[in-house]
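Here are some notes for a colleague, to be read alongside the model.

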Amino acid sequence: MKKSRPRKSKKQLSKKIGMAPGSLVYVGSMDANAAQLAKPIVSVMIYDAAELTEQILSAEALANFKLTDYSKAGKKVWLNVHGVHDAALIKQIGDLFHLHPLVQEDILNTEQRPKVDEFDDYVFLETRCFRYDQAAMTMDSEQVSFVLGRDYLLTFQERATGNFEPVRTRMRVSRAHIRELGVDYLAYALLDSVVDKYFSVLEAVGDASEALEEVLLHKPTNTELHAIHQLKHVSIELRRAVWPLREVINTLSRNENDFFKPTTMPYLRDVYDHTVSFIESLESIRDALSGMMDIYMASVSQRVNLEVRALTVVAMLFMPATLIAGIFGMNFHEMPWLADKDGFWWAMGLMLSIALVMLTIFWRRQWLTSQS
Amino acid sequence: MKKSRPRKSKKQLSKKIGMAPGSLVYVGSMDANAAQLAKPIVSVMIYDAAELTEQILSAEALANFKLTDYSKAGKKVWLNVHGVHDAALIKQIGDLFHLHPLVQEDILNTEQRPKVDEFDDYVFLETRCFRYDQAAMTMDSEQVSFVLGRDYLLTFQERATGNFEPVRTRMRVSRAHIRELGVDYLAYALLDSVVDKYFSVLEAVGDASEALEEVLLHKPTNTELHAIHQLKHVSIELRRAVWPLREVINTLSRNENDFFKPTTMPYLRDVYDHTVSFIESLESIRDALSGMMDIYMASVSQRVNLEVRALTVVAMLFMPATLIAGIFGMNFHEMPWLADKDGFWWAMGLMLSIALVMLTIFWRRQWLTSQS
Amino acid sequence: MKKSRPRKSKKQLSKKIGMAPGSLVYVGSMDANAAQLAKPIVSVMIYDAAELTEQILSAEALANFKLTDYSKAGKKVWLNVHGVHDAALIKQIGDLFHLHPLVQEDILNTEQRPKVDEFDDYVFLETRCFRYDQAAMTMDSEQVSFVLGRDYLLTFQERATGNFEPVRTRMRVSRAHIRELGVDYLAYALLDSVVDKYFSVLEAVGDASEALEEVLLHKPTNTELHAIHQLKHVSIELRRAVWPLREVINTLSRNENDFFKPTTMPYLRDVYDHTVSFIESLESIRDALSGMMDIYMASVSQRVNLEVRALTVVAMLFMPATLIAGIFGMNFHEMPWLADKDGFWWAMGLMLSIALVMLTIFWRRQWLTSQS
Amino acid sequence: MKKSRPRKSKKQLSKKIGMAPGSLVYVGSMDANAAQLAKPIVSVMIYDAAELTEQILSAEALANFKLTDYSKAGKKVWLNVHGVHDAALIKQIGDLFHLHPLVQEDILNTEQRPKVDEFDDYVFLETRCFRYDQAAMTMDSEQVSFVLGRDYLLTFQERATGNFEPVRTRMRVSRAHIRELGVDYLAYALLDSVVDKYFSVLEAVGDASEALEEVLLHKPTNTELHAIHQLKHVSIELRRAVWPLREVINTLSRNENDFFKPTTMPYLRDVYDHTVSFIESLESIRDALSGMMDIYMASVSQRVNLEVRALTVVAMLFMPATLIAGIFGMNFHEMPWLADKDGFWWAMGLMLSIALVMLTIFWRRQWLTSQS
Amino acid sequence: MKKSRPRKSKKQLSKKIGMAPGSLVYVGSMDANAAQLAKPIVSVMIYDAAELTEQILSAEALANFKLTDYSKAGKKVWLNVHGVHDAALIKQIGDLFHLHPLVQEDILNTEQRPKVDEFDDYVFLETRCFRYDQAAMTMDSEQVSFVLGRDYLLTFQERATGNFEPVRTRMRVSRAHIRELGVDYLAYALLDSVVDKYFSVLEAVGDASEALEEVLLHKPTNTELHAIHQLKHVSIELRRAVWPLREVINTLSRNENDFFKPTTMPYLRDVYDHTVSFIESLESIRDALSGMMDIYMASVSQRVNLEVRALTVVAMLFMPATLIAGIFGMNFHEMPWLADKDGFWWAMGLMLSIALVMLTIFWRRQWLTSQS
Ligand SMILES: [Mg+2]
Ligand SMILES: [Mg+2]
Ligand SMILES: [Mg+2]
Ligand SMILES: [Mg+2]
Ligand SMILES: [Mg+2]
Ligand SMILES: [Mg+2]
Ligand SMILES: [Mg+2]
Ligand SMILES: [Mg+2]
Ligand SMILES: [Mg+2]
Ligand SMILES: [Mg+2]
Ligand SMILES: [Mg+2]
Ligand SMILES: [Mg+2]
Ligand SMILES: [Mg+2]
Ligand SMILES: [Mg+2]
Ligand SMILES: [Mg+2]
Ligand SMILES: [Mg+2]
Ligand SMILES: [Mg+2]
Ligand SMILES: [Mg+2]
Ligand SMILES: [Mg+2]
Ligand SMILES: [Mg+2]
Ligand SMILES: [Mg+2]
Ligand SMILES: [Mg+2]
Ligand SMILES: [Mg+2]
Ligand SMILES: [Mg+2]
Ligand SMILES: [Mg+2]
Ligand SMILES: [Mg+2]
Ligand SMILES: [Mg+2]
Ligand SMILES: [Mg+2]
Ligand SMILES: [Mg+2]
Ligand SMILES: [Mg+2]
Ligand SMILES: [Mg+2]
């Protein structure tokens, strides 16, 4: 699990320096998050168009699991693992399905960038899934790995997020379309639900960004500066996950391969279109965030301007009057007006006249409105 | 329908999370806009060089509509739908013309980016059309979908904008050139009218941008800051629509395909040239908007400078005089000038001299002109 | 004719919205510019190595003009049109040489970006030519179209600018090298003169830019801000014309085509080198203009700094003295120094001492020099 | 050895101007660093799956070393050199293994960018290795060269950094997997340890960058400005090393070559994935550093704003009171309030009232909180 | 010869507007630079492994020069020209070696960008050579042209810079390796010396840049602003020369051609590596210069901040005291403290107390240290 900010447990990849490649060590954080399971859960769906069996595999059941039992019977198998911090379990499943040591390592190393690797018997996909915290403007990410064989699909999730529930629900429907099709279509459906999830994050970020804009144009404070910065972090994180994912899906949907059937191709291209569309929206939000930083700067400068002006106005109104008061406070033996009965009032009138002249000048120059 | 800013109904795409692909749900906003029809209107033009039949299809007529009736007779069919929020209707038409479920979904999902998808029996195009509000500097966009078969053309517009009227008018002319040519030429003509519409938006944005520049160089206020920001939003929106459209038209005009005849190719290349030209003009406007932000910042800084200077000038003129007045207001028993008959005037003269010396210095340094 | 800034007649392209493609309407501005002719002038040069005939074609002569009369005799034909606002004339010439309606439209639409279109019987080139106004830092552009057939060359200029005169002069020389070669070499020679013209604009812009830099580093005002902005506009305009022109010439000089002979290819590559070189110089000027904007901002900030400092210095010099004067102006019955004979001078000495201490501090901090 | 900043010995490459290519001169700095050896150490590991011999070669042993002695026996040879400033030694080893003069030159010239060069009998790799100084935020880099033959591997390190120790440890294990495989796998393992090292630097830089962000949003000083600058330098340096390295590994892992066996290819692709991932994380840090610079600027402007406001508040509170005091200090013979018993208190009340009105206005405008 | 800044003689390319291509006119500046020769010097080296003849060709000798005399004897010829402003001479040599008119023109036009043109009998290279003036931070550039035939090499330099001397020295050695190899290797050696020269400029620019950084972080003035600007100009100039040179050398080292032998290819690739490395170092310096501009701005803003704060501190210390003095200077008949014996000292104490309270506040807020 990876948090866009703040991150606590950073020394993750450095754990592995100097180890042999394929050394199986969980690289991720084992926090006390309720969503992360102390013990990984291995669930399996065995299905064809007619029938669906669903079960949680105990350690024992997993040890006795044989893929060929089902594939010979024309059944398709979807095995899902919640929680990948148990290296021994991953190795057990990996060996069961003959996964390359580097693949097993990638599943455990949850800081992978999205990628696709084709092997003779399966194709391996890495993706990231996000959870956005609207209040803190931070984002969690977890790694979701897919191994697609000819008659089975393995999925590995860091946490029990319920992201795949809607697909499960669709599968449970009697004689569902999704059960008639192969595991490649199931893989597509899950991938699609991952990408759909991105859009909900994007919408939240876009809403936050637009709300910020409103405030920024009128009364920007440090809070907004902080928020822009947070959103930038989130958008950088999203970007890092989706650009390579786009490449991955593009690779799958363009090239011939043994694992995705031609009829599934249009669906993959549809997910591809979604990722491209996502990227373009994200870039627009990034452009908007850049523009907001500029507006923040402009607003602050503008306000310095208004306050220097306020200071100048005050100084110009009071300094002449203060000087006049000072002059009539001098102790010369002979000074005009002092002995006059209305001298004081003339002096006051003089002060006031100068202040009024000043105000007129300011008013003409529109220095008295707070509009720049 | 999508507004560049402000947008009200944002949770549109998230409606679809977890649904099966091809689930037909209208993704767009059903506002009370007069231009959007409560009930979609399906109109059809059946034509060849000699004859043109035009009619509004009722639900019943649509149910009985058979394409082969016309194609066998060598007639060409253009079926246009105004309003795409009725998922059942889109499904009915989609099934009538054997459109792929994903195509039907794209027609309903009005947040699509422009794209082209080729199928065996038709080619599917997504485009966006804009309506710019000059006063508010905001922009509406609607999705316009094209399905081009071998002897029919389907078009789907979100609203009744009248964008296609000029083409209809040209078709109604007896033995019009456009009726002699195939539906591919008709598709081109409609696409061309969509792109032509972009240029009118571009001209409005360009004019607004130039008007802003004039003001910015002389007297920038928060209003201009806000306007630059609006125009940037509009230009980002335009950009997102036209870049992929360029790719779409490029694909169509370069590759061999079954739906556009070789004689139509030069026309497609002409539209392609328009999109490239549009993009280049848009980039120039974007560059200009960036430059305007810089000028805004420079102008504000410049004004802070002028006002700090004004403050300094005032302080330098009054502070010495105030000090002199203060000095002659001290209560020492023995002070020079106090008893002199002209002492007061000497003091006043001293104040004035210092002020004049200061003014001379300021004048020499050109601090008294408002030109920086 | 297009002005980089300010432009008057902007609604040019929108004239054509909804018209059929190939509708012949002049898109450009018909201003009272002396250089633009009320009536277009059609001039023709018929030549081979031995002979050169030059004439202005009247409407009648043009109606009777037959290309085959000359091509059969091995003569080459260069027909030039000054002024393209007469749609009927362009149509007449276009039909005479069997030009595609879209080509005729492009010739009339003077807002085209540079491009090349190859047809069976001719190749069509669009280019732009510039005229820079050094005082106003603005730039006019006009469209120059070339139609190169196997034994003829058509050129269309918006105005009578005299750009082609040097080439005409070279042709008039008896048995000139240029007359021995084909019309493709003539087309090259004219294209070369167009590109050469760009460099004179570039030099003017570069000179203006360097002159600005000198001023900016010393005494920047709003005038310089305005000038930088103008030059940026001009450079954007140049850029938009030359990037596609580079592509055009690259296309012609790399690909085999029927219209340019292999011996002319090195010459085309030479023009290509010029456009690349032009673009690189232009990018350098653009970089310099960006840097100048930064320097402008830095200079203004620097000056705010100096003036705040001036204000601080003045305040620090006068405030203590004013306080001392105020203190000795208090009306306490018993105060030190007041009754002393030299009390006044002691007070004055105190004021002066404080001022001198302040000045020493400022001098040490180098606050008294105007160098930051 | 190269320090990102500050570098002392800069005239390194200019040592070689005018020399014949292949002239063997050490280009690097011979500082008194304890890690750099006065005398290079040549160590050799001769191994197969069954056996491993390890020794330090003396000058004499090296002179008598014959590769064929071992290769005929099916043994693999890894020869490592610590310290490359002894040109004669490099020439001796280079000649022993028939290395091209340019390769020998590259090994000595420690300012090389990462690259790969394939020769008939070996492939030559240049890489850089880093050591980050967390306190000073500076980074050392050293050059690590690989020469991979069919049955031998040469590695050249500038310093004895211990980077390769973990691999040595793995080799010393009896019948280790790594000893069963070829020298290509060994080369991969060392390359992998170099790239793993990069991640530890990246984590340190990322941590420093995040720590800076915290401070910047609250109380930025010159120290942070300096730190941002340092980190930018480090990230530029990292970037220069890793971009070409990515290309190098890509080249090796895509193309067929004689030196890396097909079974090693997935491992090379894994390192390639690491470099791509590294680059993306680095770019994110660079983006963050750019954003931090903006935040620094915004914070400073914000603070100028707050302090101008403080000044304005003070001036507005004291100037009116000072004027009133001045007025009642005037020496007019007839003035209101002066003779009143409570005149003084009325004046004081007037001063206070005005100050309170001012404070109310400021409080309403939220000028009294230090939040902008 | 071209100066990066300031340039005096700018109207160089415009000299040629309207001329026929291949018109031989010297485009460059004929300044009184001691390094530029009034009369070009033509020197020739005729050599094979055994023998080397070196001579300065007089006009007469040149007229009688016959290449075949030497090539038949298996001799190789290197002809070098210092000074290219004599168009007649260039034409004479050009005709002697059958150079294309456009090549002759390029040699004379010293504002060419680096390029390569292959002809049947020779390959033509343009490069630029630099001379950096460390004090003024400006840079001269001169054009160096190469014509490489099968058994001869022509080189044309604008000035007698001595750049080629080290290669000459190597050739004069009896039975030098360089004399055993072909003229292609000689061309490589000269090209290598040109590129080596770039690095010395780069080191000077890098040193200047680092020296600036030191100053900038502590005490930036206008002088540094000016220096950053100069270095940016120099780096733009370098960039313009080296990017196309990289392409040139890449072209030569990848493609098969008749003029460079396979054994010379690794050497060309080595120069190519140098240019790539040069470009990357240059980009780093450019990044650093950009960062320095940001730091300059930040430092200036920071200083404005400090000085506004100083002003605020002074105002806050003196304004309350001045008000108190003003209050006790009022002329009310009845006022507290005035008649008290210690009234004056109480007033003074009040002033001092307020000042001390203020100072305590400032000290707590760390406003009294000059660190931000
Ligand atoms: Mg995009
Ligand atoms: Mg991008
Ligand atoms: Mg963008
Ligand atoms: Mg982008
Ligand atoms: Mg974009
Ligand atoms: Mg940008
Ligand atoms: Mg920016
Ligand atoms: Mg462009
Ligand atoms: Mg762009
Ligand atoms: Mg641009
Ligand atoms: Mg662009
Ligand atoms: Mg562009
Ligand atoms: Mg460029
Ligand atoms: Mg360039
Ligand atoms: Mg560029
Ligand atoms: Mg650019
Ligand atoms: Mg450039
Ligand atoms: Mg650039
Ligand atoms: Mg900028
Ligand atoms: Mg990236
Ligand atoms: Mg980048
Ligand atoms: Mg990036
Ligand atoms: Mg990147
Ligand atoms: Mg980026
Ligand atoms: Mg930028
Ligand atoms: Mg680079
Ligand atoms: Mg760059
Ligand atoms: Mg860079
Ligand atoms: Mg680069
Ligand atoms: Mg780069
Ligand atoms: Mg910047």
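By what turn and shift along the axis can chain D be laid on chain A?

1. In this predicted model, chain D is laid on chain A with an RMSD of 0.1 Å by a turn of 72 degrees and a shift of 0.0 Å along the axis, the superposition being by least squares on the C-alpha atoms of residues with pLDDT of at least 70 in both copies. That is the relation of a five-fold axis, and the C-alpha of chain D nearest this axis is that of Gly329(D), 4.8 Å from it. The copies use different surfaces, in that 16% of the contact residues of chain D recur in chain A, where contact means heavy atoms within 4.5 Å.

2. Strand S4 of chain D, residues 76-82, is mostly covered, with seven of its seven residues buried (under 20% relative accessible area with a 1.4 Å probe, protein chains only; strands are DSSP runs of E, at least two residues, numbered from the N terminus). In a regular strand the side chains alternate between the two faces of the sheet. Here both faces are covered, with Lys76(D), Trp78(D), Asn80(D) and His82(D) buried on one side and Val77(D), Leu79(D) and Val81(D) buried on the other.

3. S4(D) runs antiparallel to strand S2 of chain D (residues 41-47), to which seven bridges join it, and Asn80(D) is the bridge partner of Ser43(D). With strand S8 of chain D (residues 152-157), S4(D) pairs in the parallel sense over six bridges (pairing requires at least two DSSP bridges), and there His82(D) stands opposite Gln157(D).

4. Residues are numbered from 1 along each chain as its sequence is written, and chains are lettered from A and ligands numbered from 1 in the order in which they are written. Local features need pLDDT of at least 70 and side-chain atom pairs count only at pLDDT 80 or more, whereas totals for chains, interfaces and linings use all residues, and side-chain values use heavy atoms, with hydrogens and water left out.

Key. Buried means under 20% relative accessible area, exposed over 50%, partly exposed in between (1.4 Å probe, protein chains only). Helices (H or I, at least four residues) and strands (E, at least two) are DSSP runs, numbered from the N terminus.
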